[in-house]
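Here's a quick briefing to read alongside the structure.

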Amino acid sequence: MEKLKRMAVALSSLLLLVGCEQPKVVDDIRIVQALGYDYYDESHILGTITTPIYAHTGGSGQVQATADTYSVVSHIGRTLNTLLESRSEFPLEIGKLLVILYGKDLAKGGLFPYIDVVNRNPDVGRTISLAVVDGRAETILNHKFTTDQLVSAYLNDLIQHNTKASFPKNNLHEFLYSYFGDGMDPFMPLLKLKQHHVEIEGIALFKGDNYVDYLPFEYAYPFKMMFESFNDGSYEVPINRNHYMSITNISSKVDYKVENASSNRPIIYINVKEKGFLRESSSTMQPKQNIKEIERIMERTLEREGNQILEMLKKLGVDPLRLGDKVRSYDRGWSEEKWRAIYPHVTVKLDVRTTLAQTGIIE
Amino acid sequence: MPVKVPENRQVSPYFMLFIIYGIQVGIFVLSYERVLAKEIGNDGWITILISGILMEVILWMVYRVLEKNGGDLIDIHKELFGKWLGGLFSVIFSLYFLTMSLVVMRTYAEIVQVWMFPHLSYFAIAGMVGGTAYTFVSGGFRSIMGICLLSIVYSTPLFISLFFPLPYVHYENLLPMFHHSPLAIISAAHQMILNFIGFEVLFLAYPFIKQPKKAKKWGYYAIYLTTMLYILLFIITILYYPRRQLKGILWPTIEIWKIVDLPFMERFEYIGITIWFFTILPNIALSLWAASRGFKRVFNINQRITAILMSILIYVIGFFLNSRDDIDLLNAILSNIGFGFLCGYVPFLFVLQSIVYKVKKRNGKT
């Protein structure tokens, strides 16, 4: 009995200690789901947040979320928090953040300070989407889209859904990896508001953390093919001027080899092997289309587009394909400065091999 | 006369595995990748392998020293250095274990504060951790063995979390291999020592094991297991982060948990850190037990009383070490002492003992 009493005292004192932590009731916080940063003037930025408001709709018992979006102008170098909190009736919590948008003008001046804030915060996950907006982030976040989701979830789904099919994989972790890694530069999707939809305009290219240029969306697939191996991609092969064949379920494997890595003229071989299915249902079949011929056209087109991308990247001096890192893994004396100097002159040989299979339900 | 432990307080031979695994795998698993990568980069796994082999050799020495004497470290000290000097060494040994439990408790409290409950005070966290650890110590050696076993059972599901970073790994990061000089690779081994210290607890726990000869192999298995665990975790971390980023990440293992994306769970590290409580519990309980056991054997005082005094002591000292620098310094001190003890004192003891025994034998013959 004595022992039991002592146990009870010990246990209840533990409960008292636990009471020290501030409770966070979900009704009494504002969950920030999207963040937007825009250029305002020389010394100020415009910060925008979107938080969902959950309200009961009549007696149905269903809860419909509506987005509440508001912006503040803050001095560069100040965190937005204090100002944002001053307009919010409940404390803002950043743990459920889904997407961060950066205005193009701001991105040109370097994004790292704005990304580092998120990087240091233990509350923020690593799979959130980052994107550059052609225009202003504020405009997109304030827009009413025809979707049952909030703008934050809508944008996140838009980006992540595209990463599955034809857009290279990207999120906060990938950005940080390329930003910190030697011999590579990060990229993000470039978004644009077109009437009532947001569209991925292309791949925003960065040098360090400064936005320099973008690759149009048509080049996203050949970029992805050189960037990573993947399953379940899709691509349209231009057969002739106004006829395209749709290839689906592409599984693509990319393999890098480097020759003369330690010399000033390294040769990088990019070998891509693609396996796909020709879906007749999604394109009108020409009579007797030779599958071998389509394969050849696809190889040629992808090689041409890939080489165009490589030329452009070399001319800009940015390395989102992480070629520098590939050379580094073959060269013990590798250094970032040396690589940057020789990067515009390296030889890259792209070789694409395609195997297609035909599927359809009618011969 | 070497110490004898009654059979009802002893444990089965295979518990040797749980003792060593329980005290080695602990708080530093969350952070060792960073210090190692800072010094040696992608070749760190070789360093881990080398330190693992070194630890197997030292474990062999520990076994030999203990077997020759037949008792525990207190008996060995008495035999080699006499009552006073030997007793002093034994007290220092106990204090070393006390420091170990302090470091583990303070570091864990910091992690909980940074990652989970920023408003929770040190006293609350350390009170819970220290209080739980004390209950196990007061239950005796066998109940500590129970928590050692449970800690393995509880923490094994965490291995599943290592599958989540796999889509993000970059195999180029391991290349070029053997990028650093052999000397640099070996000298980085001292960064791994915090992950391997603790198995010296055998110096006190050895008499508690039934048929110690049978138990020996379990000890070697345990160190093999921890070495493989560290290598696996290190390779995943190196493949997942570029080196420049890894240098700045204080707890790489916890950061890896952040990529775990479950539909019902946004922040997996909450689960990870909570489960890790059961991994550090054997750490603290065993080192606290060793510290109080040392005092009991030297001064012949009740172990429960020393244990509770010691828990209060580390609880209070921990409060004054409240900055990151203090904690780093504490870790560095423990690392140096541990390195000196394992790689300096144990071989010294081994050599000294064999010399003393040889001399005795010769004297006995003539």
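Lys358(B) counts as exposed, because its relative accessibility is 59% and the cut-off for exposed is over 50%. Keep in mind that this is a predicted model. Lys358(B) sits in helix α15 of chain B and is one of the residues in a positive surface patch.

**Positive patch**
- Alongside Lys358(B), the patch takes in Arg64(B), Lys68(B), Lys361(B) and Arg362(B).
- Two elements of chain B give two or more residues each: α3 (44–69) and α15 (324–365).
- Helix α15(B) supplies the largest share, three residues.

**Salt bridges**
- Across all chains, a search of the whole structure turns up 27 salt bridges.
- Glu174(A) and Arg322(A) pair up through their side chains at 2.9 Å, N to O.
- Glu174(A) is in helix α7 (residues 172–180) of chain A and Arg322(A) is in the loop between α9 (291–316) and α10 (323–328), so this bridge ties together parts 148 residues apart in sequence.
- Glu174(A) counts as buried at 5% relative accessibility, and Arg322(A) is buried at 5% too.
- Lys314(A) bridges to Glu311(A), with the closest N and O atoms 3.8 Å apart. These two are about one helical turn from each other, because they're three residues apart in helix α9 of chain A. Lys314(A) is buried, at 10% relative accessible area.
- Over in chain B, Lys360(B) meets Glu79(B) at 3.4 Å, N to O.
- Lys360(B) belongs to helix α15 and Glu79(B) to helix α4 (residues 73–116), so the pair connects parts 281 residues apart in sequence.
- Both ends are partly exposed: Lys360(B) at 47% and Glu79(B) at 30%.
- There's also a salt-bridge network linking Asp123(A), Lys258(B), Arg267(B) and Glu269(B).

**Aromatic contacts**
- The structure has 53 aromatic pairs over all chains.
- Tyr37(A) and Tyr114(A) make a tilted pair, because their planes are at 40°, with ring centres 5.1 Å apart.
- That pair links distant parts of chain A, 77 residues apart: Tyr37(A) is in strand β2 (residues 34–41) and Tyr114(A) in helix α4 (residues 112–120). Both tyrosines are buried.
- Phe123(B) and Phe319(B) are stacked, because their planes are at 20°, with centres 4.7 Å apart.
- This pair joins helix α5 (residues 122–138) to helix α14 (residues 303–320) of chain B, 196 residues apart in sequence.
- Phe123(B) is partly exposed at 31%, as is Phe319(B) at 35%.
- One aromatic cluster in chain B includes Phe81(B), Phe89(B), Tyr96(B), Phe341(B) and Tyr345(B).

How values were computed. Residues numbered from 1 in each chain as written. Chains lettered and ligands numbered in written order. Predicted model: local features only at pLDDT ≥ 70, side-chain atom pairs only at ≥ 80, totals over all residues. Heavy atoms only, no water. Patch = residues over 30% accessible without salt bridge, like charges linked within 9 Å, V, L, I, M, F, W, Y side chains within 5 Å. Areas by Shrake-Rupley, 256 points an atom, 1.4 Å probe, with all protein chains shown as cover. Salt bridge = Lys/Arg side-chain N within 4 Å of Asp/Glu carboxyl O. Lys, Arg positive; Asp, Glu negative; His and termini not counted. Charge placed at Lys NZ, Arg CZ, Asp CG, Glu CD. Helix = DSSP H or I, 4+ residues; strand = E, 2+ residues; numbered from the N terminus. Buried < 20%, exposed > 50% of the residue type's maximum accessible area, 1.4 Å probe, protein only. Phe/Tyr/Trp six-rings, centres within 6.5 Å; stacked < 30°, edge-to-face > 60°.
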